[in-house]
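Thank you all for making time this morning.

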Amino acid sequence: RADRGAASPRTARSHQELEFRALLDAAVDAIIVVDHHGTIEEFSRAAQQLFGYTPDEIVGRNVRELMPDPYRREHDGYMHRYMTTGEARIIGTGREVRAQRKDGSVFPCDLAVGHVRGVDPPRFIGFISDITARKESEERLRRSETELQLAQELANLGNYVMHIDAGTQDYYSPQLYRILEIKDGDPMVARDEFLGQWVHPADRQRVIESLARMDTGQAPLDIEYQVVLQDGSVKHLHHIAQAMLTPDGSVLKHVGTIHDVTDRRRAEDEARVLQERLTHFSRLSTMGEMAAGLAHEI
């Protein structure tokens, strides 16, 4: 005798369909269900908003209509290859692709496709997420980094972020490597080595004292000094830095910029030498005029 409290198979299927429909409508990402020919069977509410189609317009049509070329041309081949060989290009892996709305506009998206097992004919379910905002942010960031790097090259200015914790990755800009004439890929000079071997002996004590004041939070670093590079040449640097401290006063990291002012200092030195020569010639001229005047009087 059948249990009167048990639901009939038809009622159970109807309940499952209602739950599936509720899931489709509640999903944030667009969800599309297609058969093994690529024919669209389900089109979620988020998919309608993303692509601009109503279910009446798109259900029953091939999913390739939501794709621009070359994806549109290649889609049927992917489906046939998967059904005959099991080789997955997108199914079960996910990838970044481009999709096409009803109005013809194309946008970047993340696509993940799964094979619904245990049903005949086979069905596939796709999850689509619009990543336009993320791609635009990435492009703005890339453009800003490129512009910043160009500005640093033009200004001959390098910057860095150096952490006290050895487990945290430091940052050194490409221009800083060029200023110190260190090859790309080579390790940056450690602070102790920089003070002991790179900073010119005439400036070393002054730099050490300024760094100590920075580390105790007394004052940021703002100093010009000379460094001796690996080839023995000397450069003049203008170094500005700030120590970032923890609440208990210990140093967390150093953030700074190094400006190569060698050309400016050389120009200043040349101008000073020229001024001294002009002053010397002026004195000689004045003395000559005085001598000529005395001779005339005599």
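Let me begin at the hairpin of E1 and E2, where four residues lie between the strands and Gly 38 takes a positive phi near 90°. Strand E1 covers residues 30–35 and strand E2 residues 40–43, and the two pair in the antiparallel sense over three bridges, with Val 34 having Ile 40 in E2 as its bridge partner. When I say helix or strand, I mean DSSP runs numbered from the N terminus, H or I of at least four residues for helices and E of at least two for strands, and two strands pair if DSSP finds at least two bridges between them.

Before going on, a word on what we are looking at: this is a predicted model, in which local features need pLDDT of at least 70 and side-chain atom pairs count only at pLDDT 80 or more, while totals for chains, interfaces and linings use all residues. Residues are numbered from 1 along each chain as its sequence is written, and side-chain values use heavy atoms, with hydrogens and water left out.

As an overview, the secondary structure of the protein chain comes to nine helices and ten strands. Of the 298 residues in the chain, 28% are buried, where buried means under 20% relative accessible area, exposed over 50%, and partly exposed in between, with a 1.4 Å probe and protein chains only. If we take contacts with a separation of 6 or more, residues 24 or more positions apart account for 41% of them, a contact being heavy atoms within 4.5 Å.

Now to the sheet. In what order do the five strands of the open sheet run? The order is E7-E6-E10-E9-E8, and the pairing is antiparallel. Strand E7 (171–172) and E8 stand at the edges with a single partner strand each, so one side of each is left without a neighbour in the sheet. E6 pairs with E7 in the antiparallel sense over two bridges, and Tyr 160 stands opposite Tyr 172 in E7. E6 also pairs with E10, again in the antiparallel sense, over seven bridges, and here Gly 158 stands opposite Ile 258 in E10.

The loop between E6 and E7 contains Thr 168, which counts as partly exposed because its relative accessibility is 33%. The C-alpha atoms of Thr 168 and Lys 253 are separated by 9.8 Å, although these residues are 85 apart along the chain.

Let me turn to helix H7, residues 191–198, whose buried residues are Phe 194, Leu 195 and Trp 198. Why do these residues lie on the same side of H7? They cover an arc of only 115° around the axis, which puts them on one and the same side of H7, the arc being that of the directions from the helix axis to the C-beta atoms. As a general point, an α-helix has 3.6 residues a turn, so residues three or four places apart point the same way. The face of H7 turned away from its buried side carries the exposed residues Asp 192 and Gln 197. The cover over the buried residues of H7 includes helix H8 (201–215) and strand E8 (221–228).

Within helix H8 we find Asp 203, which counts as buried because its relative accessibility is 9%. Leaving aside neighbours within four places in sequence, Asp 203 is in contact with Tyr 225 and Gln 226.

H7 and H8 bring us to a cavity: together with strand E6 (157–163) and strand E10 (251–260), each supplies at least two residues of the lining of the second largest cavity. That lining holds 18 residues, of which Tyr 160, Met 162, Arg 191, Phe 194 and His 239 lie nearest the centre of the cavity. A cavity here is a set of points, on a 1 Å grid over the protein atoms alone, where a 1.4 Å probe fits but cannot get out, and lining residues have an atom within 4 Å of a point.

Finally, two backbone details. The peptide bond from Asp 69 to Pro 70 is cis, with omega near 10°, and Pro 70 lies in the loop between helix H3 (55–58) and helix H4 (71–85). Glu 181, in the loop between helix H6 (174–179) and H7, has a positive phi of about 55° although it is not a glycine.

How values were computed
On a 1 Å grid over the protein atoms alone, a cavity is a set of points where a 1.4 Å probe fits but cannot get out, and a pocket is an open set with protein on both sides within 12 Å along at least five of seven lines; lining residues have an atom within 4 Å of a point.
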